[in-house]
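Me: Please take a close look at a single part of this structure and lead me through it in one connected account. I would like the cut-offs behind each term as you come to them.

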Amino acid sequence: MDQFTAIRVMLYLGAIVSVAAAGFALLLMPVSRMRMSWLLVCLALGLQAFRRIIAVADHATLWEAISGLAVSSLLLAGLVGIRHVFLMLRRTKQLLDTELGTGAVIENRAGAAIVVLDPGGRIIEINESTRVLLKAGKRSLVGIDWFSTFVPEERREETRASWERLAVSGGGNDEYVEYVLTDFEGHDHSVVWHRRLLRDAEGRTIGVRSAGVDLTDSTLLEKELAFRSLLLDHTNDSVIVYRFDGTVVYANDIACTYRGLRREDIVGTDIRRLVLPRDRDAFAIHLETVERGSCVTFETETVDRGGVVRPLEAHVCPVSLGGERLVVDVARDITERREAESAIRRLAYMDHLTGLPNRVLLYDRANQALARVCRSGEHQALLFLDLDNLKRVNDTSGHAAGDELLRQVGERLAATFRDEDTVARIGGDEFVVFVRVADAAEAEIVAGRVISLLNQPFVVGGEEIYSSASLGVAIAPDHGTDLDGLIAKADAAMYVAKEQGR
């Protein structure tokens, strides 16, 4: 290829690249507000492409051809990058509008300043409240580094580091911080911020939205509470703020729901009205501890107007809001935790098939009863019984029928004895009854009643099944006050009964 041909090829390529750049300039018009400016750029690039074609006839130099192609390529690359930036800014604004619904929600409730920063800490968008806070007037703030411009130098490194931790966070949790800003007139403002990561559809961080309120005026308690309610009304915990004299100054939506009351029914009343009478003495002690500067965590309950009892775990701390010392009471519904704990206790202490106490709970209750026997001289009878024909039922009717028989035996025994007595299943077909009696004669009567009870037919799977039981008895303190010893003696007596014909 000779030099003239190479020059023509590069000039034609430069023209094509200029036309492509003009096309990208046209694509920028829908995503930016400077439509006339991009139209002019498009026309300029078109003229440049035309100039490249004319240059072919003018016999341009090789240097002119190379530099022209390079300039056109750089312009195209720059316009591609600018379009990407504009698209990212538009997605950020759309995400911001989606998260807030409308900015007026925050403006109306707390006059909050709204700032959106890109991942580098530069301003993408601000609202009018932010302009007022910064005394910005009509200045253009888009693209300005937020921290280098508005955060005092001595606090800049710490504040930026805190912000960057959120910006690079994989979890993307919201954050609640407070730091000082310096406006254009040199005045400092103590501003509390709620910051949230903004992500695109692929989950990439495209910015951080911050909503803040100026708390420089120490009299702005209501304003601060209104701002904090943006967070607190959407938490799953009950939050109540009150003075140390008990006057409630704030309650979030969950606090109202838990108690079946409206906000206006709670705010302005005494917090003690919301405490159950049985818990008020303990609450007074907790409040004294908080007034001394410590936090307290305790469990309590609340009852709504419908009579629904809700167990709560309350975490109560002293705080300073609007220059006033107050109490923040954050309470969490622990119904599920209580149910889980109850399930764990059932697994640990109850027999899963019959619902009766198992060996562990039997030992606990029996040892307490035996301690009373030693102190008071009363008598306790331990009845050890074994079903005689469970194996035959399993073999002829199946294990499901055998399990149902065991459940019905447990139900009959539990219905026969008092709550203060203990009926337990300690093995496959072995049951123990620990019952208070006056003497050996009464123990014999109780044993006879149990034998008669279990001789009655059971209905299992629509069929009558007859079962019997062999039973042995040991009495405390006559036969000892050690549970294992009593079980051994009752077990031995039971085997004697089996040998004598059940």
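Reply: H15 passes H16 in a right-handed crossing, a crossing being right-handed if the near helix is turned clockwise from the far one by less than a right angle, and left-handed if it is turned anticlockwise. The helices (H or I, at least four residues) and strands (E, at least two) are DSSP runs, numbered from the N terminus. The axes of H15 (residues 399-416) and H16 (residues 440-455) come within 11 Å and cross at roughly 140°, where axes are lines fitted to C-alpha atoms, for helices over the stretch in contact, and angles run from 0 to 180 degrees between N-to-C directions. That angle makes H15 oblique to H16, since angles under 35 degrees count as roughly parallel, over 145 as roughly antiparallel, 65 to 115 as roughly perpendicular and the rest as oblique. From H15, the contact (heavy atoms within 4.5 Å) is made by Val409, Arg412, Leu413 and Thr416, while H16 brings Arg449, Val450, Leu453 and Leu454.

This is a predicted model, in which local features need pLDDT of at least 70 and side-chain atom pairs count only at pLDDT 80 or more, whereas totals for chains, interfaces and linings use all residues. Residues are numbered from 1 along each chain as its sequence is written, and side-chain values use heavy atoms, with hydrogens and water left out.

Two of the H15 residues that meet H16, Val409 and Leu413, also touch Phe431, a residue of strand S13 (residues 430-437). Phe431 is buried, with a relative accessible area of 0%; buried means under 20% relative accessible area, exposed over 50%, and partly exposed in between (1.4 Å probe, protein chains only). Leaving aside neighbours within four places in sequence, the contacts of Phe431 also include Leu406 and Gly410, together with Leu356, Leu383, Phe384, Leu385, Leu387, Ala424 and Arg425. Between Phe431 and Leu406, which lie 25 residues apart along the chain, the C-alpha separation is 9.8 Å.

On the H14 side, Leu390, Val393, Asn394 and Ser397 take part, and they meet His399, Ala401, Gly402, Leu405 and Leu406 of H15. Just after H14, Gly398 takes a positive phi of about 100°.

Within H14, the buried residues are Leu390, Val393 and Asn394. Seen down the axis of H14, these residues fall within an arc of 100°, so they line one face of the helix; the arc is that of the directions from the helix axis to the C-beta atoms. An α-helix has 3.6 residues a turn, so residues three or four places apart point the same way. The face of H14 turned away from the buried side carries the exposed residues Lys391, Asp395 and Thr396. What covers the buried residues of H14 includes H15 itself, strand S11 (379-387) and strand S15 (463-465). Asn394 deserves a separate word: it counts as buried at 16% relative accessibility, and, not counting residues up to four places away in sequence, Asn394 touches His399 and Gly402.

For comparison elsewhere in the chain, H13 (residues 359-376) and H17 (residues 483-499) pack at an angle of about 105°, with their axes 10 Å apart, and are therefore roughly perpendicular to each other. Leu362, Tyr363, Ala366, Asn367 and Leu370 in H13 meet Leu483, Asp484, Leu486 and Ile487 in H17. H13 has 18 residues and reaches 25 Å from its first C-alpha to its last, close to the expected 26 Å, a span given by 1.5 Å times one less than the number of residues. Its buried residues are Leu361, Leu362, Ala366, Ala369, Leu370 and Val373, and, since they fall within an arc of 155° seen down the axis of H13, they line one face of the helix. The exposed residues Cys374 and Arg375 sit on the face of H13 turned away from that buried side.

As a setting for these details, the protein chain has 17 helices and 16 strands, and 42% of its 502 residues count as buried. Among its contacts between residues at least 6 apart in sequence, 55% join residues at least 24 apart.
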